[in-house]
Amino acid sequence: MTSHSISRLNPQQQSAVKIISGPVLVLAGAGSGKTGVITHKIAYLIRDCGYKAYHVVALTFTNKAAREMKERAAKMLKKTESKGLWVSTFHTLGLRILKEEGHRIGLTRDFSIFDQKDCFDILKDIVKVDDVKQLKRLQSTISNHKNDIVGKVPVDEVVKSATEMYNDHLLALNAVDFDDLIIHCLRLFADYPDVLAKWQRRIRYLLLDEYQDTNQAQYHLIKYLAGVSAHFTAVGDDDQSIYSWRGAEVENLKLLSEDFPNLQVVKLEQNYRCDRRILSSANALIAGNRHLFEKRLWSQIDHGESISVNAYDTEDEEALSLVTDLLLHHSRYSSRFNDYAVLYRGNYQSRLLEKHLRMQRVPYVINGATSFFEHTEVRDLLAYLRVIANPDDQRAFVRIVNTPKREIGTTTLQRLSEYARKRHIGLLRACLEYGLSDIMPKAAQTRLYEFASWIMRLHQQAERGESIIQLFDWIMGDTEYEDHIRSQYSAAKADKRIELVGELRDWLLRLQDKEDVNSLSEAIQRMLLLDMLENKSEEENRFEAVSLMTLHAAKGLEFPYVFIVGLEEGLLPHANCIADEQLVEEERRLLYVGMTRAKRKLTLSLAKNRKIAGNMTATEPSRFLGELPADEIEWSGINERQLSAEEEQIKRDQLIADLLDIVSD
């Protein structure tokens, strides 16, 4: 990398790149170019500071962000310099460590990663409870307990016991859950100093993206890897910490300065995304929060259109008017539909918006829709591959043993499970023992034996290095899975389901041919991790469409034109947060994140009456509206000033002109 490329950065960005001795915290405000800082620093470390690419590790939270970061850094380096460059998620790093070191805690290299549904089923078996809500609460509590490394939140003996049984059950199945990918690494580093020393030698410089979103476990992982030398750069923003509900702790920013007294802090305060009017309003809003580190963003982008705050009588009128305004704006400025985003606090708020968008034939996409991996057919075929990769994967075995139908009923499976428990072996291996014939009819035992024998033949082929695609094709052919799909659905629905199967095959082919995945177990691990991290197809924004998404889902994105709906007490801030000042501060940060997604035009709206529990109920405007600078806002239906006759005429003329534009189109 040439010094010229760094010279294009502003002075604060350059400073963040060039400080390489000791711990560094980069406070990167919204739109301040943090990704550019990280990628430039990766290249600077490798090209100018003598680091090898394979000794530099950058960690973030999504595969998409990791890919983008790696691609941008690689473009700044020669091919030989970037070889071995390591940019990944925290959990992918954990996966890599466990594949090498997991044998020390009883895991083989081909261990399974269980998703939330698999883990839910295990928990249900352990605690013998059928109440779904109760089980989900327990599942969440166990996850929080596992990640609470310092024991901040006390838990009762019931939770401790359930957690212990749950963890033992996973290890017995040669499996881990999503949390374990970090937790097991902490255990390894604590119990095996040689393992810790090995990974500290391997990772000589650490870069951390979205640091404010780290939880306790991730922070302790960072501390272990940083070691005494503490060569790392953490990039984060306390004003964008909006994930406390999933364990993220903004206090981790404070812990850095306590645990690393020589921490150097660099503030990135120039915003390259929003115009001055939007940024001024966002700054005014976030000033209502307490701050660990003071900063104030500024922008050189000229004042754009006024920020609109519109109040409507009902939520239906709010949605209808939003779609109408969007179409008027789209027609007037000849913009693209994917220049627009509509943000909301909860997913249910999209229903009326969808209704009116469909009525006006406006294309839209809901970010965060059903994951590709949630479809039944994908889960079935992935379960086959999981069992072939790891014959001890009990949850996957149970899913496929009678899919498609093999006349293996519940009674047979109960007897198989009892036999396996008494013999201390897995279900699949139990199918291969002739002792089964003592506890079930010969026909049932034969069906189980034939199924297990077939799986084991494919397992042996996988062990010998058979290609993933060949294994997949054998599964499809031997099970007649396409015929199974057609027997379940109408012709049109079956065709769509079979298309999903084709997408899965294409995905496996890409993993095999383009991502250097050489074994079935590695492919399964990659795909399960991808599902958990992304939870949605990345293909959904390729066509021109308005984006609908929650404020949480919008983080990291930007759009020229942004609408935020539901600015009402009880919605934003959410009713569950109003009594807790810390939670109100997080809700304020959530709105701040939404506002700073907008580049040119920001529109906020609310309904004066909203249907709650089936009854139309009067609402109160969000307290956050009162924190915005009044002179930057164009109010409608709320806080309106009296317009002069001339202003009223201009407004009417503009409306007529806009309507004529739409008609002429």
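Where in the chain is Ser334 found? Ser334 is found in the loop between α15 and β10 (340-344). The model described here is predicted.

**Domains**

- The domain assignment divides the protein into domain 1 (2-98 + 182-268), domain 2 (113-173), domain 3 (298-363 + 544-652) and domain 4 (373-539).
- Between the C-alpha centres of domain 3 and domain 4 there is a distance of 46 Å.

**The open sheet**

- An open sheet is formed by 6 strands, arranged in the order β3-β2-β6-β7-β1-β8, and their pairing is parallel.
- The edges of the sheet are the strands β3 (86-89) and β8 (264-268), each of which pairs on one side only.
- From one strand to the next, the twist averages 15°.
- Strand β2 (residues 56-60) is paired with β6 in the parallel sense over 4 bridges, and Ala58 has Leu207 as its bridge partner in β6.
- On the way to the next strand in the order, β6 is joined by 3 bridges to strand β7 (residues 232-236), and the two run parallel.
- Within β7, Ala234 is the bridge partner of Leu208.
- Strand β1 (residues 24-28) is joined to β7 by 4 bridges, again in a parallel arrangement, and Val24 has Thr233 as its bridge partner in β7.

**Side chains of strand β6**

- Which residues of strand β6 (residues 205-208) point one way, and which the other way?
- Tyr205 and Leu207 point one way, while Leu206 and Leu208 point the other way.
- All of these residues are buried.

**Helices that pack on the sheet**

- Helix α2 (residues 11-18) lies across β1 and β8, and its direction runs at about 145° to β8.
- Helix α6 (residues 90-101) also packs on the sheet, where it touches β2, β3 and β6.
- The direction of helix α6 makes about 105° with that of β3.

**The contact of helices α10 and α12**

- The axes of helix α10 (residues 180-191) and helix α12 (residues 216-226) come within 10 Å and cross at roughly 35°.
- This crossing of α10 and α12 is left-handed.
- On the α10 side, the residues that meet α12 are Ile182, Ile183, Cys185, Leu186, Phe189 and Ala190.
- On the α12 side, their counterparts are Ala217, Gln218, His220, Leu221, Tyr224 and Leu225.
- The residues of this contact divide into 10 nonpolar, 2 polar and no charged.

- Ser521 counts as buried because its relative accessible area is 14%, which is under the 20% limit for a buried residue.
- Neighbours within four places in sequence set aside, Ser521 is in contact with Asp110 and Ala389.
- Glu315 lies in helix α15 (residues 315-333) and is likewise buried, because its relative accessibility is 18%.
- Residues up to four places away in sequence not counted, Glu315 touches Leu352, Ala607, Asn609, Arg610 and Lys611.
- Glu315 and Leu353 are 38 residues apart in sequence, and their C-alpha atoms are 9.5 Å apart in space.

**Cis peptide bonds**

- Thr403 and Pro404 are joined by a cis peptide bond, with omega about -5°.
- Pro404 belongs to the loop between α18 (394-400) and α19 (410-423).
- A cis peptide bond also leads from Leu572 to Pro573, where omega is near 10°.
- Pro573 is located in the loop between β13 (559-564) and α27 (581-595).

**Positive phi angles in loops**

- Ser334, the residue of the opening question, has phi near 50°, a positive value in a residue other than glycine.
- Ser334 is exposed, because its relative accessible area is 65%, and the limit for an exposed residue is over 50%.
- Arg361 is not a glycine, yet its phi is positive, at about 55°.
- The loop that holds Arg361 lies between α16 (350-359) and β11 (364-366).
- Arg361 is exposed because its relative accessible area is 77%.

Definitions and conventions. Residues numbered from 1 in each chain as written. Predicted model: local features only at pLDDT ≥ 70, side-chain atom pairs only at ≥ 80, totals over all residues. Heavy atoms only, no water. Domains from an automatic or database assignment. Axes fitted to C-alpha atoms, helices over the stretch in contact; angles between N-to-C directions. Left-handed = near helix turned anticlockwise from the far one by under 90°. Contact = heavy atoms within 4.5 Å. Nonpolar A, V, L, I, M, F, W, Y, C, P; charged D, E, K, R; others polar. Buried < 20%, exposed > 50% of the residue type's maximum accessible area, 1.4 Å probe, protein only. Pairing = 2+ DSSP bridges.
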